[in-house]
Amino acid sequence: MAGGKQAAAKRVMRWSWNDPHLRALVWQIAALAAVIFMLWYFAATAHANLARQHIATGFGFLDSTAGFGIVQALIPYSEEASYGRAFLVGLCNTLLVAALGTMLAVALGFAVGIARLSSNWLVAKLAAVYVETLRNIPLLLQLFFWYFAILQPLPGPRESLTLLPGVFLSNRGVVMPGVGLTGTSVSFLAVLFLAIVASFLVARYAKARRMATGERFPAGIVNIVSIIALPGLVWLIGGAPFTIEHAAMGKFDFTGGWRLLPEFLALLLGLALYTAAFIAEIVRAGIQSVGRGQTEAAHALGLSNWQTLRLVVIPQALRVIIPPLTSQILNLTKNSSLAVAIGYPDLVSVFAGTVLNQTGQAIEVIAITMGVYLVISLATSLAMNLYNARVAIVER
Amino acid sequence: MARRPSLLSRIFPFVFGLLVGAGLLYFFLPGPGTTAVKPAQGQPAAKAGRPAPAAQPLGATLATVRERGYLQCGVSTGLPGFSNPDDKGVWTGIDVDFCKAVAAAVFGDDSKVKYRPLNAKDRFTALQSGEVDVLSRNTTWTMSRDTSLGFNFAGVIYYDGQGFLVKKASHITSAAQLNGATICTQTGTTTELNLADYFRSQNMTYKVLPFEKNEEALSAYDNGRCDAYTTDASGLHAQRLILKNPDDHLVLPEVISKEPLGPLVRQGDPQWEDIVRWTLFALIDAEELGVTSINVDQMKASPSPEVRRMLGAEGDFGQALGLSKSWAVDAIGAVGNYGEMFERNVGVKTPLGIPRGLNALWRNGGLMFAPPIR
């Protein structure tokens, strides 16, 4: 702490080349100016070259009509929409597969990583085989495997397999009944949301009370009852909040209902299974970094194996796990751009593919695409760094 | 003693990333009309222009090609009849023959050409950046490609139109029955747009699955992921032959678009554009005048002034292009006239079996009409 006080006292800067602070500042400004000049120089060169070749430049194309169809759009989209809209459609598709893929990969990675350390020989070996197989095969091949070898040879829509009543699996994907909204939907969802928020508060209160007095409060039962009963009451008063719309067989394919495209499923499976193999190794390394004495001490205190893992080992392992885990999540997001190979309309396929080709404005389109991946990655790593700061060991 | 990094040092990477992004945006936001004319921007760019092959002075493409010793020709990744490598890696097809004709006109040697296989998605960037000198890759001539992409089309080598391939088992006999169908295609082509236009104008719905590569789109169709596969009609005929059972598939009679396919070059080098354009015209004129790869040397003695001008026996039209007197003789000698190219690669005697149709000479009721060499 003494260093901090010294620095605070020396904050007045002398305008002399002998002042190391001033020197450092000058050099940093010079370096920054050089970088900015380089960027400006590249941009100006590219701009002039494009102008000489009569290639259109600028971002005005984002407002022009796209004129092509996209098979999966989470936001309203039609052929009359603009390129900017097509960009958003692609972005949403990328975020969807990245978010779901991350959740699946982290869950599966933790399970496999823990399984590799299991004392059960079979479980440990199976986990090892999983890790060594999946992480050593290129992701693109795995995507091709899931898409061309598993999902496409499925029977056509007319001969589709019935997974559950109303849920069908065919080479057109998984088709399930859709959910439509009614007049009470909004109040139903609002009450459900409030019940969930309330149950978090109840859980916190219960924990605080147990810490303070040692008394147990039946938070679990109270919460389950409130989450079911309160929205249920709305249902009884206002009528059904949803309508179920079953998929029907059309001329070529199912119509209506909700659908998971095989392209989406293949990409999600490929990304999640591949990344989970890496995460499993990170989790294993993290757990093994926690000293054996910690487990023995926890057992000596009478904690069960599961409690030892959850309360003693994992919290300490997390600080080793989080930084490399962040890299894996970033990798998963960036790897989702392989979607173009199997026809899933992600950002690269829609925007850096079709839009680039229709407009020919490669520099702008690629710059935007790179910028988007940069922002997604920076946001992810910012969130993970904040989480890391919370779980990091605090030295006192 | 652990010192926590300051807040500033933690957020610096993010701030820096945003700054760089903002800096890049700044230069592209103003339109070309406002900034391109500013001398302040043009000056450093002119100095920097040298390393970029795209920024050569006018007429430099021919010099670059000569200096390099061979022609870089952009072709498809494999489309039988147009540009397709055989099992020994030898390229054949009508688009490939055109590359050879240009190489022969420039060097007097049709082997001085290297083929660069390009996806539909990458082809324009490859031409814009100077990676290829000419793109001869079953590419449709459209207004936006001619104008805002910065290209010039040399002419039309094949008049085509977009069609559909379906399975016979589906009992579909007309495109009007495709309402609600899922359709596979290749991304980055005019077919994606024509498809949207056609279904919109017919008030029908559809789902499109665009793949990066033709082979993947075709395989998805073959596996039943799609109800129909769409591309140019010539491509449908060619790709039907690659399928497991070609006889199980049917090309629908409807042609939903105009697809004039032709070679293209970068804008800004009129001399090179003329060389490519007049090589194509010479091949078409040669058919009209009865000059073939076999009789091209005897025809130099022909009494017809038109033939004599084309073959360099009279006047020096090659010089006007910056080429030798024998430019057309070399091109025709290498690949034959347009009719020979057509019959050898896609004609009725080939597996594709496409009749001349629109691609016949104007005299025979087709659209092939080249300006005279005079």
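This is a predicted model: local features need pLDDT of at least 70, side-chain atom pairs count only at pLDDT 80 or more; totals for chains, interfaces and linings use all residues.

Q: Which residues point which way from β1(B)?
A: L71(B), C73(B) and V75(B) go one way, while Q72(B) and G74(B) go the other. Both sets are buried.

Q: OK, and how many bridges does β1(B) make with β4(B), parallel or antiparallel?
A: Five bridges, in the parallel sense, to strand β4 (residues 113-117) of chain B. To find your place there, look for Q72(B), which sits opposite K114(B).

Q: What about β5(B), how many bridges to β1(B) there?
A: Two, and that pairing with strand β5 (residues 134-135) of chain B is parallel as well. There G74(B) has L135(B) as its bridge partner.

Q: Let's jump along the chain. Is β9(B) mostly buried or exposed?
A: Buried: strand β9 (residues 181-186) of chain B is mostly covered, with six of its six residues counted as buried. A181(B), I183(B) and T185(B) face one way, and T182(B), C184(B) and Q186(B) face the other.

Q: How does β9(B) pair with β10(B)?
A: In parallel, over six bridges, with β10(B) covering residues 206-211. One spot to check is T185(B), whose bridge partner in β10(B) is P210(B).

Q: And what does the chain cross through between β9(B) and β10(B), and with which hand?
A: Through helix α8 (residues 190-201) of chain B, making a right-handed β-α-β crossover.

Q: How many bridges join β9(B) to β11(B)?
A: Two, and β9(B) runs parallel to strand β11 (residues 228-232) of chain B. C184(B) stands opposite Y229(B) there.

Q: Switching to chain A: how many helices and strands?
A: Twelve helices and eight strands.

Q: Why is chain A more spread out than a compact globule?
A: Its radius of gyration is 28 Å, well over the 21 Å that the globule rule gives for 396 residues, so chain A is more spread out than a compact globule. Along the principal axes, its C-alpha atoms fill a box of roughly 80 × 75 × 50 Å.

Q: What share of chain A is buried?
A: Of the 396 residues, 32% are buried.

Q: Last one: what share of the contacts in chain A joins residues at least 24 apart?
A: 65%, taken among contacts between residues at least 6 apart in sequence.

Technical notes. Residues are numbered from 1 along each chain as its sequence is written. Chains are lettered from A and ligands numbered from 1 in the order in which they are written. A residue is buried if 20 or more other C-beta atoms lie within 10 Å of its own, exposed if 12 or fewer, and partly exposed in between; C-beta atoms are placed from the backbone. Helices (H or I, at least four residues) and strands (E, at least two) are DSSP runs, numbered from the N terminus. Two strands pair if DSSP finds at least two bridges between them. A crossover is right-handed if, with the strands pointing away from the viewer, the path from the first strand over the helix to the second runs clockwise. The radius of gyration is taken over C-alpha atoms; the globule rule is 2.2 Å times the number of residues to the power 0.38. Two residues are in contact if their C-beta atoms, placed from the backbone, lie within 7 Å.
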